[in-house]
Each structure stands twice: as C-alpha cells, then as structure tokens.
Amino acid sequence: MTIWADEMILQYKKHLSELKKKVAKLDKKNPLHKLDLTQYNSMIEEMEFILKWLETGRDPNNYRGADKRGIYQHRSFQSMDFIPDITEQLEEGPKHLYMSPEEKIIMADIFAALSFRERHCYILHVGRQISVGKIAEGLGVGKSTAQSYIERAKKKIAQRVS
C-alpha cells in the first residue's frame, strides 16, 4: 500500500531532476538564459526545501525542534472566564474590588506573555504567598530555579504594565 506522501516525494524528485537537467543545458553566458536560470534555481531551491520537509516531517529551517513543543507552550486566552471576579472573595471591609472587561483583557495579555512555569511560580509566590523553597520542593526543581522563574515573571509583568 502506497502512502500519498511517498508518491508526492517521488514526483518532486522526478521533477527536481528534470529541472536540474534543464539548468545544465542552459548557456550561462547568454543574457536571455540568465533570467531563466534564476527562475529555475529558485524553483530548485523551493523543491529541495519541500522535499526535506516531506522526508523529515518537520520544518527544515527550524534547527532546535521548538516547532513541536512551541505549540503546546503557547496558550490563547480567548475566554476571559478563567479570570475570576474577585469581589465575591473579599467579604471583609468596605473596599470592594472589581475587574472591568478591559482589565481582564490586560490581565490575559500579561498571562499570555509568561511561560507555564513562570505563571505557576508567580501565582504561587505572589498570589498565595508560598515561599520559594516550598514552590521549588513542590515542582521538584532547585530553589534558585524557582526564584529565577519568579524574577523573570516579574520582569515580564513590569514590561507589560509600563
């Protein structure tokens, strides 16, 4: 049973060799052929790129493999319902806090700028006032690592706010 991708690879290889034969026949000194040569070279370059992509199953220009993990790290906060309305939580005192829809959008933008670990450590440390040592212990990382996540989160938040 043949797979469509294998058939496509064979077709690309066939047409790539045909293009290379045409380039070999061109007179490189002829000014009319120079324009054709640039077109053919561009086509050959694109076909080789596509062939690498089809054969490996990943973007040939991405050398670090971040294309596979990056999709899971980036989160879209289209729904603002994940940000709770904090007025119900503050029953004591005359001061009631309220987040407007615009403030929720700003908050979502700030959360989107943080990585999952930065966001997690920052909320635990600042929001729940858990010590850096306990956060590090809970995540199974070193204390300095947890501290660096918190510091990076604070820097990113300061950049977004100002």
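User: Happy to have it up. Where is Trp 4 found?

Analyst: Trp 4 is found in helix α1. Keep in mind that this is a predicted model.

User: Is Trp 4 buried or exposed?

Analyst: Trp 4 counts as exposed, because its relative accessibility is 60% and the cut-off for exposed is over 50%.

User: And which residues make the nonpolar surface patch?

Analyst: Ile 3, Trp 4 and Met 8 make that patch, which covers about 340 Å².

User: What about Leu 10, where does that sit?

Analyst: Leu 10 also belongs to helix α1, which spans residues 4–25. Its relative accessibility is 59%, so Leu 10 counts as exposed. Leu 51 is 41 residues away from Leu 10 in sequence, with a C-alpha to C-alpha distance of 9.4 Å.

User: Switching over to Asn 41: which helix is that in?

Analyst: Asn 41 lies in helix α2, residues 31–56. With 38% relative accessibility, Asn 41 counts as partly exposed. Between Asn 41 and Lys 20 there are 8.6 Å from C-alpha to C-alpha, and they are 21 residues apart in sequence.

User: Now confidence. What does the protein chain average?

Analyst: The average pLDDT is 78, and 77% of the residues score at least 70.

User: Where is confidence lowest, and where is it highest?

Analyst: Helix α3 (residues 66–73) is lowest, with a mean of 49, while helix α7 (residues 143–161) is highest, at 90. Over residues 69–80 pLDDT stays under 50, and the model has 11 contacts beyond four places in sequence for them. Where pLDDT is low, predicted coordinates should not be read in detail.

Methods. Residues numbered from 1 in each chain as written. Predicted model: local features only at pLDDT ≥ 70, side-chain atom pairs only at ≥ 80, totals over all residues. Heavy atoms only, no water. Helix = DSSP H or I, 4+ residues; strand = E, 2+ residues; numbered from the N terminus. Buried < 20%, exposed > 50% of the residue type's maximum accessible area, 1.4 Å probe, protein only. pLDDT = per-residue confidence, 0-100. Contact = heavy atoms within 4.5 Å. Patch = residues over 30% accessible without salt bridge, like charges linked within 9 Å, V, L, I, M, F, W, Y side chains within 5 Å. Areas by Shrake-Rupley, 256 points an atom, 1.4 Å probe, with all protein chains shown as cover. Salt bridge = Lys/Arg side-chain N within 4 Å of Asp/Glu carboxyl O.
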